[in-house]
Amino acid sequence: MFSSRFMPCPECGESVERSAVGHQCSGDRLVEYQMFMLRKEVADFPNQLQAYLDSPRGQFEAYVAARDLRQAS
């Protein structure tokens, strides 16, 4: 079996040489990789939000938010 000398960093996914010491994840790459790992949850967010807003608790919170907006103006 072929053994690569590179492995992905578990934090940011960057290809890092196994013998390398002191890899520093860049902030942009870290955020991008985390969003990539959460892509299914991000894509399903509108469905989850709609389901919550259709629930009794979601309807109550929407009512309270609308009431608070009316009172604030």
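Trainee: What should I know about the model before we start?
Mentor: This is a predicted model, where local features need pLDDT of at least 70, side-chain atom pairs count only at pLDDT 80 or more, and totals for chains, interfaces and linings use all residues. Residues are numbered from 1 along each chain as its sequence is written, and side-chain values use heavy atoms, with hydrogens and water left out.

Trainee: Which residues form the nonpolar patch on the surface?
Mentor: V31, M35, F36, M37, L38 and V42, with about 560 Å² of accessible area together. A patch takes residues with over 30% relative accessible area and no salt bridge; like charges are joined within 9 Å, nonpolar side chains (Val, Leu, Ile, Met, Phe, Trp, Tyr) within 5 Å. The areas come from the Shrake-Rupley method with a 1.4 Å probe, and for residues only the protein chains shown count as cover.

Trainee: Where does the largest share of the patch come from?
Mentor: Helix α1 (residues 27-37), with 4 residues. Helices (H or I, at least four residues) and strands (E, at least two) are DSSP runs numbered from the N terminus.

Trainee: What lies over the face of F36?
Mentor: R39, at 4.1 Å from the ring centre. The rule wants NZ of Lys or CZ of Arg within 6 Å of the ring centre and within 35 degrees of the ring normal.

Trainee: Changing topic: how many salt bridges are there in the whole structure?
Mentor: The search finds 3, each needing a side-chain nitrogen of Lys or Arg within 4 Å of a carboxyl oxygen of Asp or Glu. In one of them, R5 meets E17 at 3.4 Å, N to O. R5 lies in the segment before β1 (6-8) and E17 in strand β2 (residues 15-17), so this pair ties together parts 12 residues apart in sequence.

Trainee: And R57, what does that pair with?
Mentor: E61, at 3.2 Å from N to O. Both lie in helix α3 (residues 56-72), 4 residues apart, about one turn of the helix. R57 counts as exposed at 60% relative accessibility, whereas E61 is partly exposed at 37%.

Trainee: What does R67 form a salt bridge with?
Mentor: D68, with the closest N and O atoms 3.3 Å apart. R67 is partly exposed at 32%, and D68 is partly exposed at 37%.

Definitions and conventions: Buried < 20%, exposed > 50% of the residue type's maximum accessible area, 1.4 Å probe, protein only.
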